[in-house]
Amino acid sequence: RMFGSGQHRWIAVSRFGYLRSELPGDPSTQAQAEALVDLLDAEGIKRVGLLAMSGGVPPALQLAALYPERVSGIALLSSAPFTPLTAAAQDLPLPAWAYQALLSSDFPIWAIIRLAPGLLDPAFDVSPDLRARLTQAEAATVSALVESFLPVTDRLPGLANEGAAIDPGARYDLDRIAAPVLIVHAKDDGINPFPIAEYLARALPKARFLALSDGGHLLLGHQDEVTAAVAEALANPP
């Protein structure tokens with residue numbers, strides 16, 4: 001909804017462990033990609049464009065590398081680290097214990113949303129400077145995103161499984177990705193640092209890199225620009 005244009009039919013997937021999607025015995029990013037292919041087969045869809053953001057990027061890379069014939073174009077936003085990158089590539093805006101406290105049950109986030117929603121800004125990488133520059137529409141988008149995070153307890157297994165992307169046993173054959181790839185990343189992203197995108201831009205054969213000077217993890221202030229770039233990246237598949 002933030003960055004997908006109305007030019008396409010979208011299939012939004014709850015990845016393993018998120019919102020009514022079970023966490024299977026093999027929750028790897030490769031298994032996620034294989035589940036996505038099963039979904040495409042069930043829907044009778046031969047080829048798709050991929051729009052992935054943050055933790056959705058590693059399984060999208062797996063899908064494009066393992067099944068290049070199924071992917072026509074790719075847009076990667078605010079990419080999370082994946083092997084051979086490590087968690088050291090992240091510098092979270094809140095310490096790990098603060099996230100654990102927030103996500104321990106639904107009540108803490110529910111109470112903050114009702115009483116002082118601005119206190120959650122750091123968790124979503126919305127800096128005071130960004131907050132001051134938000135348009136009314138952008139502020140509403142951020143509020144809707146924060147609200148939609150409830151019930152947080154239905155997301156905990158998925159959040160815990162994000163480490164699968166940097167499992168030393170995981171392999172990402174980026175040179176097998178045949179589709180053109182748009183990479184969008186803000187230089188001030190406080191969750192997934194900019195060098196992750198630089199690594200992708202060097203490693204992917206058909207990469208176009210849209211580097212934003214600001215916007216944080218949510219690419220705030222650039223919705224029209226990013227939406228247009230995504231639409232172009234996913235249009236007219238080869």
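**Reading salt bridges and fold**

Me: Is arginine 9 buried, partly exposed or exposed?
Reply: Arginine 9 counts as exposed, at 62% relative accessibility. Buried means under 20% relative accessible area, exposed over 50%, and partly exposed lies in between (1.4 Å probe, protein chains only). This is a predicted model: local features need pLDDT of at least 70, side-chain atom pairs count only at pLDDT 80 or more, and totals for chains, interfaces and linings use all residues. Residues are numbered from 1 along each chain as its sequence is written, and side-chain values use heavy atoms, with hydrogens and water left out.

Me: Which residue forms a salt bridge with arginine 9?
Reply: A salt bridge needs a side-chain nitrogen of Lys or Arg within 4 Å of a carboxyl oxygen of Asp or Glu. For arginine 9 the partner is glutamate 43, with the closest N and O atoms 3.4 Å apart. Arginine 9 sits in the segment before helix H1 (29-43) and glutamate 43 in H1 itself, so the pair links parts of the chain 34 residues apart. Glutamate 43 is partly exposed, at 42%.

Me: What does arginine 15 form with glutamate 162?
Reply: A salt bridge, with closest N and O atoms 2.7 Å apart. Arginine 15 lies in the segment before H1; glutamate 162 is in the loop between helix H7 (156-160) and strand S3 (181-186), 147 residues apart. Arginine 15 is buried at 19% relative accessible area. Glutamate 162 is partly exposed at 25%.

Me: Which residues are linked in a network of salt bridges?
Reply: Asp129, Arg133 and Asp214. Aspartate 214 meets arginine 133 at 3.7 Å, N to O. Aspartate 214 is in the loop between strand S4 (207-212) and helix H9 (223-234), and arginine 133 is in helix H5 (residues 128-133), 81 residues apart. Arginine 133 is partly exposed, at 43%. The structure holds nine salt bridges.

Me: How many helices and strands are in the protein chain?
Reply: Helices (H or I, at least four residues) and strands (E, at least two) are DSSP runs, numbered from the N terminus. Here there are nine helices and four strands. Their pattern along the sequence is α-β-α-β-α-α-α-α-α-β-α-β-α.

Me: What radius of gyration does the protein chain have?
Reply: Take it over C-alpha atoms; the globule rule is 2.2 Å times the number of residues to the power 0.38. For 238 residues a compact globule would come near 18 Å, and the 17 Å of this chain agrees. The C-alpha trace spans about 50 × 40 × 35 Å along its principal axes. Of the 238 residues, 45% count as buried.
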